[in-house]
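The tour goes from one bridge to the next.

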Amino acid sequence: AAAAAAAAPAADADAAADEDAESKCPICKFMQAGPCGKEHKDWQACRGEAKRVGVEFVQHCSQTFRTFFGCMLDHQEYYQPFLEAFHVDVDKSQEAIDMGKEREQQDHQRQQQQQRQQQ
């Protein structure tokens, strides 16, 4: 119990440090001020969660990032400076997101079929 109590303040301190860094981050401010601000916050929160539980955020937050990135592609008029700065190929990125969604749907259908077969 004492170890858990000692870990809690450290986790709280990490979360506070992440929030402080995010509040000073000009890119974060730009992202959150736009039409995809909620999606950006969700992705940032997922990254923080991954860090707290000790897992790789790239894998852990892939769906959250796809949602955020897809939103940016839907709102290119606002996010164009960011997309250009990182040399994002919008067409290829949209294709990749669409393929990811298609794979997820196929996986979901496969899982449903397996569940039906088990019944």
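Which handedness does the disulfide of C36 and C71 have? The torsion about its S-S bond is about -90 degrees, so this disulfide is left-handed. This is a predicted model, in which local features need pLDDT of at least 70 and side-chain atom pairs count only at pLDDT 80 or more, while totals for chains, interfaces and linings use all residues. Residues are numbered from 1 along each chain as its sequence is written, and side-chain values use heavy atoms, with hydrogens and water left out.

Keep C36 and C71 selected: their sulfurs are 1.9 Å apart, and a disulfide here is a pair of cysteine sulfur atoms within 2.5 Å. By that rule there are two disulfides. C36 sits in the loop between α2 (26-33) and α3 (37-53) and C71 in helix α5 (residues 62-74), so the bridge ties together parts 35 residues apart in sequence. Helices (H or I, at least four residues) are DSSP runs, numbered from the N terminus. Both C36 and C71 are buried, meaning under 20% relative accessible area (1.4 Å probe, protein chains only).

Next, select C46 and C61, which are joined by a disulfide with an S to S distance of 2.2 Å. C46 is in helix α3 and C61 in the loop between α4 (57-60) and α5, 15 residues apart. The torsion about the S-S bond of C46 and C61 is -100 degrees, and the link is left-handed. C46 is buried at 9% relative accessibility, and C61 is buried at 1%.

Now show both bridges together: with the bonded cysteines numbered in sequence order, the pairing is 1-4, 2-3. Finally, select C28, which counts as buried at 8% relative accessibility.

Key: Helices (H or I, at least four residues) and strands (E, at least two) are DSSP runs, numbered from the N terminus. Buried means under 20% relative accessible area, exposed over 50%, partly exposed in between (1.4 Å probe, protein chains only).
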